[in-house]
Amino acid sequence: IIHEDSNIASLSVANEIASLINQKQKQGKHAVLGLATGSTPTKMYDYLVQFHKEGRLSFKNVITFNLDEYFPMEPDSIHSYVRFMNEHLFDHIDIERHNIHIPNGNLNRDEVRKYCEDYEQKIQNVGGLDIQVLGIGRTGHIGFNEPGSALNSKTRLIRLDRVTRLDAASDFFGEENVPKRAITMGVGTIMDAKKIILMAWGEGKSEIIKQAVEGKIRESVPATFLQHHENCEFVLDGAAASSL
Ligand code: GLP
């Protein structure tokens, strides 16, 4: 779906998420959302906050699972995805804190494996993700599933690609400060979502969008696996779609 600009595109995704939440509420059910960080989804979060402030959207029935977190990472660090999500969404809405799940970047190495298995189990226990929101990295990563990630990969500790660390360098005031690892949901975790919405804006994403949409399905560009999903939307602005 190609929109005129990223603002209109973000509004359309926010509307879709809001209607899922409202529909589930009427049915007395939870809406389970998989959420992403990065600059791409911030406008969409602004709209969700706006809908809430206008009194037309409650998050009381919403359960969220974030895709990823740097490792190691203290939750109250300015760089943490916990902080990012609080600032952009959770501090401004009526979600129950116990319904928020973000991978914990503050574990001992020997705790990680069990923690990741439990994260998967928690998603299963609430019936799986209704909608997974994604951005895309220049390497073709979704979440932090870097090139080489398998189609059936699950939540795990990964090593970040050099390109990804370079892209994050300015946020961390230098590449050397960017963590070398992250915990991420797997490609398989993402693919199990009932619906996937990948957003991308700007010309800088046009080449990787072309590969993801039209390229051969392969581990070296993990976003190509989305071609296998039966209910996946790419929501783009004109610039991100310009190489298609
Ligand atoms: C990070 C996140 C991804 C995100 C990507 C793109 O690597 N872990 O989930 O999609 O950045 O970021 P941006 O939206 O800022 O381009």
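A residue counts as buried if 20 or more other C-beta atoms lie within 10 Å of its own, as exposed if 12 or fewer do, and as partly exposed in between, with C-beta atoms placed from the backbone. Helices (H or I, at least four residues) and strands (E, at least two) are DSSP runs, numbered from the N terminus. This is a predicted model, in which local features need pLDDT of at least 70 and side-chain atom pairs count only at pLDDT 80 or more, while totals for chains, interfaces and linings use all residues. Residues are numbered from 1 along each chain as its sequence is written.

Let me begin with strand β2. Of the 5 residues in β2 (residues 31-35), 5 are buried, so the strand is largely enclosed by the rest of the structure. Ala 31, Leu 33 and Leu 35 point one way, Val 32 and Gly 34 point the other way, and all are buried. In a regular strand the side chains alternate between the two faces of the sheet.

Which sheet does β2 belong to? It is part of an open sheet of 7 strands in the order β1-β10-β9-β6-β2-β3-β5, with parallel pairing. The edge strands, each pairing on one side only, are β1 (2-3) and β5 (100-101). Pairing here requires that DSSP finds at least two bridges between the two strands. Between β2 and β3 there are 5 bridges, and the two run parallel. Along that pair, Gly 34 stands opposite Phe 65 of β3, and Leu 35 stands opposite Asn 66.

Next, a residue in β9 (residues 195-200), namely Ile 197. Ile 197 is buried, with 23 other C-beta atoms within 10 Å. For contacts, the criterion is that the C-beta atoms of two residues, placed from the backbone, lie within 7 Å. Leaving aside neighbours within four places in sequence, Ile 197 is in contact with Val 13, Ile 131, Val 133, Leu 134, Glu 233 and Val 235.

Now the antiparallel pairs. β8 pairs with β4 in the antiparallel sense over 4 bridges, and 4 bridges also join β7 to β8, again antiparallel. In β8, Arg 181 is the bridge partner of Phe 71, and Ile 183 is the bridge partner of Leu 157.

Strand β4 also holds Asp 68. Is Asp 68 buried or exposed? Asp 68 is buried, with 23 other C-beta atoms within 10 Å. Leaving aside neighbours within four places in sequence, its contacts include Ala 182, Ile 183, Thr 184 and Met 185, as well as Tyr 81. Asp 68 and Tyr 81 are 13 residues apart in sequence and 7.7 Å apart in space, C-alpha to C-alpha.

On to helix α4. At 1.5 Å a residue, the 17 residues of α4 (residues 109-125) should span 24 Å, and the end C-alpha atoms are 25 Å apart, which agrees. The expected span is 1.5 Å times one less than the number of residues. Cys 116, Tyr 119 and Ile 123 are buried in α4. The cover over the buried residues of α4 includes β3 (62-66), β7 (156-159), β8 (181-184) and α6 (187-191).

Some backbone details are worth checking. Most residues other than glycine have a negative phi, and most peptide bonds are trans. The peptide bond from Phe 71 to Pro 72 is cis, with omega near -5°. Pro 72 sits in the loop between β4 (68-71) and α3 (81-88). Phe 173 is not a glycine, yet has a positive phi of about 55°. Phe 173 lies in the loop between α5 (162-168) and β8, and is exposed, with 10 other C-beta atoms within 10 Å. Just after α4, Gly 127 takes a positive phi of about 90°.

Last, the ligand. A residue is near a molecule if its C-beta atom, placed from the backbone, lies within 6 Å of it. Of the 13 residues around the ligand, those that come nearest are Gly 38, Ser 39, Thr 40, Gly 135 and Gly 137.
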